[in-house]
Structure formats: C-alpha cells, structure tokens
Amino acid sequence: MTVEHKDRPPADQFVVGVDFGTLSGRAVVVRVSDGAELAVAEYAYPHAVLDRELPDGTPLPPDWALQVPGDYIGVLRKAVPEALARSGVRPEQVIGIGTDFTACTVLPVRADGTPLCELPGLAGRPHAYVKLWRHHAAQGQADRINALAAERAEPWLERYGGRISSEWEFAKALQLLEEDPEIYDRTDRWVEAADWIVWRLCGTYVRNACTAGYKGQFQDGGYPSDDYLAALNPAFTDFVTDKLDQPIAQLGALAGRLTAEAAAWTGLPEGIAVCVGNVDAHVTAPAATAVEPGRMVAIMGTSTCHVMSSDRQGTVPGMCGVVDGGILPGLWGYEAGQSGVGDIFAWFLRTGFPVEYAERAERMGRTPHEYLTELAAGQKVGEHGLIALDWHSGNRSVLVDHDLSGVVLGLTLSTRPEDVYRALLEATAFGTRTIVEAFESSGVPVQELIIAGGLTRNALLMQIYADVTRRPLGVIDSAQGPALGAAMHAAVAAGAYPDIRAAAHAMGSARPGMYLPDPDRAAAYDRLYAEYRLLHDHFGRGANDVMHRLRRIRAEASA
Ligand SMILES: Nc1ncnc2c1ncn2[C@@H]1O[C@H](COP(=O)(O)OP(=O)(O)O)[C@@H](O)[C@H]1O
Ligand SMILES: O=C(CO)[C@H](O)[C@H](O)COP(=O)(O)O
C-alpha cells in the first residue's frame, strides 16, 4: 500500500510538459505526485532551421536563422498524442499542460495570432517568418541600441551586463522595421514563440515574465522609453505601445483553458489548465531542484544557458540579464549563455568527420559523436596541442558579440579529427569557466554547477567541465529537464501545488557530485585556460579586430 504524503496530490493525476527545442519538440507525460515521467515522444521540425533559403527557395543572407511556425503545431498534433498513448494514462487523468520554448524566438503576427508568413503572398518574405533565437543578422541594430543606451545612460542597460544582444526582441524588431517596413507595418503583435504556442493552446495572449524580462528588456515595470526608441529610429517610436506591450503573467500562472481546437490536436481534455509560457533554460532550474541561491544550472544542448537564482542583485559583465522573479518568485534570476555548443560539435561532424571514420563508427554501432568521443577520451590533457575559441555562433556571454567567429589554433599535418573534436569540447568548457568567473568576480557566488540538457549524454564532456571549472558537477536526473520543468509549472497552474518550490521538492531531482574534478587534469587545464583567456581578450576585446574585418570582407564578397 502506498502511503500518500499528506499534502501530495493523488497518484492518479498527470500533467504534460512540452519542450520546444531548436530542432525538435519533446512531449512528456508526468505524474503530479512525484514527477515520474511515464512516456516521452519527440517530433522533429520538418523545416528544422532555415538558414540558407526559405521553403520557396528565396535565398537568405549569412547569419539568418528562421523557423516555420506550423512546425510547432506539429509537435502538439504528433508528439503530445504519441506520448499520451505510450504512457497508458487516460486523457481525463491529465489536469494541465505546460510548455517551454527557446528564446528569444519571435514572430510577427496579426491580431488573431496568425503568423505573417502564413498570409497570402508573404511566403517569400524572410521577415514574415519566425526569427529563431540564434538569428544573428541584427548585430548592427544591437550595436546601435547599445551605443545609444550607453550615451543616454539608460538605467536598464546594466541589468543586461552593459550590452543588449542581437538575439533579443528589440534588435530583431528594429531589423524588421529597417529591412522590410511593409511587413513591420502589417505586424499587429511581436510575439515570443513561448507565448504564441500558449496562445494557440488556450486562445489567450499573455506574455510570460521570463522572456519579457530577459529578451524584452522589461525592467522595474517598464520597457525602454518611447523617446529612446524614437532616437534609435523615429519609425520605431511606438513599437512598444503598438506591437509589444501585452499583460505579463508570472511563471506558473494559469494562462487559460485548453480550447476545443487544441484538444483535438493534442488528444487532451478541453478545459484543462494551460500554464503561462516559459523558457527552455529557466524552466529547468526547478526540475533540477535548483531553487536556492547559488545553484547554477547549465542547460547544455545546441547552445548552453546558465541560469541561477540569487538573493543579491548584481551586475555581471556580459550576462544575458538579471530579472526579478525571472526564474523563481522572490529571487533575482540571472542568465548567461554560450550561443554555440552542441551546434559547434554538429558543425564539426558536418565538415570534419572523414568517410572512413563514419564507416568505422557504423560498423561499431556508434553515432559519430560517440565514436569521436571514444577516440578523444584516451588522450592526456594538452596532448593534441590545440586550443579553440567556441565562437562559431558568436559570443553570447561575456562579450555579447555575434560578429565574432570560431578559432582552432595549433593545427599541424598530424592533427586528427578526434584532436579537433576534443579541442572543441574543451573550448566550450573554457567558455563556461569564463562565465562562472565573471559571476564570482562580480560578487554573485556560484556554489554549485548542475548540468541538464541533451549534452549530459556525453560523459567525457561532463568530466572535462568538472576538470576545467574545478567544480563538482551535479546532473539532473531527467533526460528531459525542460519538459519536466514545464510539466511542473503546469501542476502549479492546475492548483496541484501552491508554488513552484513545492513542486520542485516533490517532482524535481538531480544527482549532486556526479563528476568530480581530477586535481592533475585540473592543473593541466589551468595552463590551457590561461591561453584561452589570452585569445579571448585578443580577438574579443579589440586588440585584433580581424574577425569583424573578415565579416565585412565576406559581406562585400557575397553582395
Ligand atoms: N553525444 C553527443 N556529444 C556531443 N554533442 C552531442 C551529442 N549528441 C548530440 N549532440 C549535440 O546536441 C545538440 C542537440 O541538443 P539537445 O539538447 O538534444 O537539443 P536542443 O538543443 O534542440 O534542445 C546538437 O547540436 C548535437 O550536435
Ligand atoms: O537563449 C536561450 C534561452 O534564454 C535559448 O533558448 C537557448 O540558447 C537555445 O536553446 P537550445 O540550445 O536548447 O536549442
């Protein structure tokens, strides 16, 4: 007989969490009483990431990254019913659905939520589509936003470590205005995909406090002022009033009830609780039980987000932002990140993985990642003679410059693919150490590092992170941390728990100290990290502007 914990929900109630990642959506059916994940189903976006051309063949310039909003609806129609069927749970046992999304992934929509790219005649207009979080073609607008904010000493700038990213809402909207004013004019709302999917589920458009704060620069009850926007571009003056402003709700709040249309898509009962949206990184903190100050969660996937709550409000140079209640109610939520991590490893598989390696991996029943990892694991630290900069997708923290690019130094004629692969793994660890040290030196202590996301599957990578950061690494128990976090917020929205902390204690779990730093390897990495920081400052802080010059040369050549 199971003894029901007195204040725990009954064991026959379930929630669904849906994690909209960069390349796919994952739906998980979760038991409310203890967070047990009964089933998961994944749906890969048919159009993946549009970074070369639109579906109709319209070419895209460099640094563009778009998506097709219909792909997201596919997750609701395919992954949710599949997970429900696999779970054996009856639909009437499901009391709520919660979602999380990559961010800042934004799209222009009409007043009823229709994406502009779905309107007649606009399928060939790049600015009518979703701008994915890693759309980096608005760096020019971001540079102007930062320069003007610094010149006017705008108070909100320091909440973002002194620099606004080209990945965020204002830079992307300004690019839209300046490059396709007709699409801008036809945009009724500029919506985070995190909120658009909730809008599709319950018929209500409400902005979540997380993306509004970190990506929409909502601080102390307001957005950047109209006269600041007018100084950027007079046509941008009313952007907040006309296209952005919308009621904001706290994380875990009820956004509305599942509509009949969404019930038909998902196979879930009409009228169940639909939770306010959330971000794939921040939603994972409670899933990893990181609900106390100083426990940093690094969600490692295509990119890495470092999220941490603190009782201190500080300014960490190059952080993505600090938002009151941005992760957990009542605490300052900090975000930092690396815009390319798994993406960099994927790039190397596309471009540096020889056919004979692929054939050997297949014969051994290994994926390319597994095969290269096995080959690289046997090396001693420094044996490959390489050092890399993990900037193939720009630098999000601490330099906030997406016009920077990747570097591999030390190549010789005897360098092997596994050498470069390991150097890339290590470079991302050096990037994380740079971020952790920025927090520590700014008076915001990082007590513990907990890893979540798809990259937890790579044990060598985890050990390298422990050795490089000289910190024990905890690992979230769930293989679907973001989806579990979304499910937990749905349980709160459905009233099963009073708040997300209570849900975290009942439903979240992580294993502390899974990877411990080895003193000898850590000492060897200190030498390589010192070289990384020299390169970091040389190429990233103006000593040698070659990376920006190369971009200008490329732009002229491709023009
Ligand atoms: N064993 C592995 N080692 C290193 N990287 C991996 C491995 N498996 C997948 N990846 C990378 O992980 C990324 C996908 O991360 P994941 O968390 O699954 O998805 P998402 O980023 O969409 O949430 C891809 O960029 C892929 O190259
Ligand atoms: O910046 C983000 C969160 O603030 C993005 O959501 C994240 O970088 C992309 O997610 P993933 O790497 O899992 O695809």
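**Values set against their definitions**

Trainee: What makes Asp19 count as buried?

Mentor: Asp19 has a relative accessibility of 2%. Buried means under 20% relative accessible area, exposed means over 50%, and partly exposed lies in between (1.4 Å probe, protein chains only). The value of 2% falls under 20%, and therefore Asp19 is called buried. Please note that this is a predicted model, in which local features need pLDDT of at least 70 and side-chain atom pairs count only at pLDDT 80 or more, while totals for chains, interfaces and linings use all residues. Residues are numbered from 1 along each chain as its sequence is written, chains are lettered from A and ligands numbered from 1 in the order in which they are written, and side-chain values use heavy atoms, with hydrogens and water left out.

Trainee: Where does Asp19 lie, and how do you know that its side chain makes a polar contact with that of Arg26?

Mentor: Asp19 belongs to strand β1 (residues 14-20). Helices (H or I, at least four residues) and strands (E, at least two) are DSSP runs, numbered from the N terminus. The side chains of Asp19 and Arg26 come to 2.8 Å. A polar contact is a pair of N or O atoms within 3.5 Å; within protein, one must be able to donate a hydrogen and the other to accept it, and residues adjacent in sequence count only if both atoms are side-chain atoms. The pair is therefore a polar contact.

Trainee: Which residues are closest to ligand 1, and what makes a residue count as near?

Mentor: A residue is near a molecule or strand if one of its heavy atoms lies within 4 Å of it. Ligand 1 is surrounded by 16 residues, the closest being Thr22, Arg26, Thr302, Gly342 and Arg457.

Trainee: Which residues come nearest to ligand 2, and how does its shell divide by class?

Mentor: Among the 13 residues around ligand 2, the nearest are Thr22, Ala103, Asp280, Ser303 and Glu335. The shell holds four nonpolar, five polar and four charged residues. Ala, Val, Leu, Ile, Met, Phe, Trp, Tyr, Cys and Pro count as nonpolar, Asp, Glu, Lys and Arg as charged, and the others, Gly among them, as polar. Oxygen atoms of ligand 2 lie 2.3 Å from a side-chain N or O atom of Thr22 and 2.8 Å from one of Asp280. The protein covers 95% of the 370 Å² of accessible area that ligand 2 has on its own.

Trainee: Why is helix α3 (residues 169-179) called largely enclosed?

Mentor: Nine of its eleven residues are buried, so the rest of the structure largely encloses helix α3. Those buried include Glu169, Phe170 and Lys172.

Trainee: What makes the unit of β19, helix α15 (residues 459-469) and β20 right-handed?

Mentor: A crossover is right-handed if, with the strands pointing away from the viewer, the path from the first strand over the helix to the second runs clockwise. The β-α-β unit formed by these three elements is classed as right-handed.

Trainee: Which peptide bonds are cis?

Mentor: Among them are the bond joining Ala103 and Cys104, with omega about 5 degrees, and the bond from Ser397 to Val398, with omega near 20 degrees.

Terms used: Accessible areas come from the Shrake-Rupley method with a 1.4 Å probe; for residues, only the protein chains shown count as cover.
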